[in-house]
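Subject: A structure for you to explore

Hi there,

Here is the structure I promised to pass on to you. Have a look around it first, and then read on for what turned up.

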Amino acid sequence: MHRPYEPVTFTRDVDCIVIPDGFPILVREGTQGFVTQVLGGNYTIQTDLGYLVRLAGKEAEAIGLEPLVDENAPAEDAPLSERVWGELRTIYDPEIPVNIVELGLVYACELNEAEGEGTRVDVQMTLTAPGCGMGQVLVSDVENKLRDLPGVTEVAVDLVFDPPWGPDRMSEVARLELGWD
């Protein structure tokens with residue numbers, strides 16, 4: 001297991017996402033930095049080039065580490081609604097060490113019968129700030145993780161800003177994690 005703030009060196013060129021802008025960037029082999037956060041299977045890395053990036057967990061070997069398995073992921077035999085909410089709890093804002101459910105970013109999540117076979121998952125969510133550059137990254141995380149669940153054939157994410165998010169939407173767990181209580 002990698003300890004935060006230990007140095008890492010990129011051993012190959014790899015696509016990452018710049019935080020907080022949400023833009024893709026190719027981080028070149030030889031770039032150095034340190035891991036600031038490892039949550040939801042992804043790595044947040046402060047590079048020696050002066051920017052913060054998110055490295056997808058499946059690319060961990062690019063910094064000499066092994067991909068992580070999220071221990072908080074729901075059991076495969078759990079009811080679909082539990083697995084959906086469990087997956088949502090594995091998605092983290094790369095700047096905040098709290099998942100999107102505990103942050104209060106998920107306003108609604110409904111499971112409906114899909115056209116044809118399977119289940120359609122409709123998620124209504126928001127961001128901590130309307131101009132957050134990581135918004136589309138978080139929406140994509142939700143779509144991809146839920147679409148990978150057995151039985152889910154459709155995912156629709158509606159990004160809304162009314163009502164606006166505020167710290168009062170955070171769970172007690174999130175408030176404690178961030179030291180706000």
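Predicted model: local features only at pLDDT ≥ 70, side-chain atom pairs only at ≥ 80, totals over all residues.

**Charged pairs**

Here is some background first. Side chains of opposite charge can pair when their charged atoms come close. The count comes to 7 salt bridges.

One of them joins glutamate 154 to arginine 120, with the closest N and O atoms 3.1 Å apart. Glutamate 154 sits in strand S9 and arginine 120 in strand S8, so this pair ties together parts that are 34 residues apart in sequence. Glutamate 154 is partly exposed too, with a relative accessible area of 25%.

Another salt bridge links arginine 54 with aspartate 141, and here the closest N and O atoms are 2.7 Å apart. Arginine 54 belongs to strand S6 and aspartate 141 to helix H2, so parts 87 residues apart in sequence are tied together. Arginine 54 counts as buried, at 9% relative accessibility, and aspartate 141 counts as buried at 13%.

A further pair is glutamate 61 with arginine 12, whose closest N and O atoms are 2.4 Å apart. Glutamate 61 lies in the loop between S6 and H1, while arginine 12 lies in the loop between S1 and strand S2 (14–19), so the pair ties together parts that are 49 residues apart in sequence. Glutamate 61 is partly exposed at 39% relative accessible area, and arginine 12 is partly exposed at 27%. Arg12 and Glu61 also belong to a network of salt bridges that includes Glu59.

Next, the strands. Strands S8 and S9 run parallel and are joined by 7 bridges; valine 121 has valine 155 in S9 as its bridge partner.

**The nonpolar cores**

Which residues have the most contacts inside the largest nonpolar core? They are Val84, Leu88, Ile100, Val123, Met125, Val142 and Leu146, in a core of 34 residues. H1, S7, S8, H2 and S9 each supply at least two residues of this core, and the largest share, 5 residues, comes from H2. Leaving aside neighbours within four places in sequence, leucine 88 touches several residues, including Ile100, Cys109, Val142 and Leu146. A second, separate core has 14 residues, among them Tyr43, Val53, Leu55 and Ile63.

**Cysteines**

Finally, how many disulfides are there? A search of the whole structure finds 0. Cysteine 132, for instance, is in no disulfide, and the nearest cysteine sulfur, that of cysteine 16, is 18 Å away.

Enjoy exploring!

Note on methods
Residues numbered from 1 in each chain as written. Heavy atoms only, no water. Core = buried A, V, L, I, M, F, W, Y, C linked by side-chain atoms within 4.5 Å. Buried < 20%, exposed > 50% of the residue type's maximum accessible area, 1.4 Å probe, protein only. Helix = DSSP H or I, 4+ residues; strand = E, 2+ residues; numbered from the N terminus. Contact = heavy atoms within 4.5 Å. Disulfide = S-S within 2.5 Å. Pairing = 2+ DSSP bridges. Salt bridge = Lys/Arg side-chain N within 4 Å of Asp/Glu carboxyl O.
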